[in-house]
Amino acid sequence: MSADPDCLFCKIIAGDVPGDVVHRGERTVAFRDINPQAPLHVLVVPRDHEPNAAASAGADAAMFAEIATTARAVAAAEGYDDYRLVFNTGAGVGQTVFHTHGHVLAGRAMTWPPG
Ligand code: 5GP
Ligand code: ZN
């Protein structure tokens, strides 16, 4: 699937909903989370709409790797070598927006396991 007209992140990618975009690539886009959980909190999304990371990895593994590469570039551009890359995959683990996104979090101490 390339875009879903009802999807919030597809609308941000298209520019129909405002977003604080920090990266626009051929296949990935990154924008700041509206409710940041760390000094750096950016969402890296594929341009192609898939509902979650499992679906994206299955549909296009190379594109999925690009999400990781974009996450590294976004963190590095803001001066962070250390960052956490999280994919909530499914409502049962807290996914609320059903367009694949990796959360890039950095700039504060973090605990493990996550809550
Ligand atoms: P999830 O819970 O699905 O893993 O993450 C969804 C993320 O999207 C949340 O961290 C939430 O703050 C963020 N979010 C929800 N609505 C918007 C929005 O309109 N703009 C931006 N930039 N982020 C949003
Ligand atoms: Zn979408």
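**A buried asparagine**

N52 counts as buried because its relative accessibility is 18%, where buried means under 20% relative accessible area, exposed over 50%, and partly exposed in between (1.4 Å probe, protein chains only). This is a predicted model, in which local features need pLDDT of at least 70 and side-chain atom pairs count only at pLDDT 80 or more, while totals for chains, interfaces and linings use all residues. Residues are numbered from 1 along each chain as its sequence is written, chains are lettered from A and ligands numbered from 1 in the order in which they are written, and side-chain values use heavy atoms, with hydrogens and water left out.

N52 lies in the loop between strand 3 (40–46) and helix 2 (53–59); helices (H or I, at least four residues) and strands (E, at least two) are DSSP runs, numbered from the N terminus. A polar atom of the N52 side chain is 2.9 Å from the backbone nitrogen of A55. Such a pair is a polar contact if two N or O atoms are within 3.5 Å; within protein, one must be able to donate a hydrogen and the other to accept it, and residues adjacent in sequence count only if both atoms are side-chain atoms. Neighbours within four places in sequence aside, N52 is in contact (heavy atoms within 4.5 Å) with T89, Q95 and T100.

A55 itself belongs to helix 2. With 25% relative accessibility, A55 counts as partly exposed. Between A55 and H101 there are 11 Å from C-alpha to C-alpha, at a sequence separation of 46 residues.

**The ligand site**

Which residues are closest to ligand 1? They are D33, N88, G94, T96 and H103, out of 16 residues that surround ligand 1, each with a heavy atom within 4 Å of it. Helix 1 (8–14) and strand 2 (28–32) each supply at least two residues of this shell, and helix 1 gives the most, with three residues.

Polar atoms of the protein approach ligand 1 at several points. A polar backbone atom of R32 is 2.9 Å from a nitrogen atom of ligand 1. An oxygen atom of ligand 1 is 2.9 Å from a backbone N or O atom of G94, and a polar side-chain atom of H103 is 2.8 Å from an oxygen atom of ligand 1. Taken alone, ligand 1 exposes 530 Å², of which the protein buries 82%; these areas come from the Shrake-Rupley method with a 1.4 Å probe.

**Behind the site, and elsewhere**

H103 also makes a polar contact through its side chain with the side chain of H41, at 2.8 Å. H41 is in strand 3 and counts as buried, because its relative accessibility is 5%. The H41 side chain also reaches the backbone nitrogen of Q37 at 2.9 Å. Leaving aside neighbours within four places in sequence, H41 is in contact with R32, D33, N35, P36, H103, V104 and L105.

A14, in helix 1, is exposed, with a relative accessible area of 52%. A14 and Y83 are 69 residues apart in sequence, and their C-alpha atoms are 27 Å apart in space.

One further feature concerns the backbone. Most peptide bonds are trans. The bond from W112 to P113 is cis, with omega near 5°. P113 is in the segment after strand 5 (102–106).
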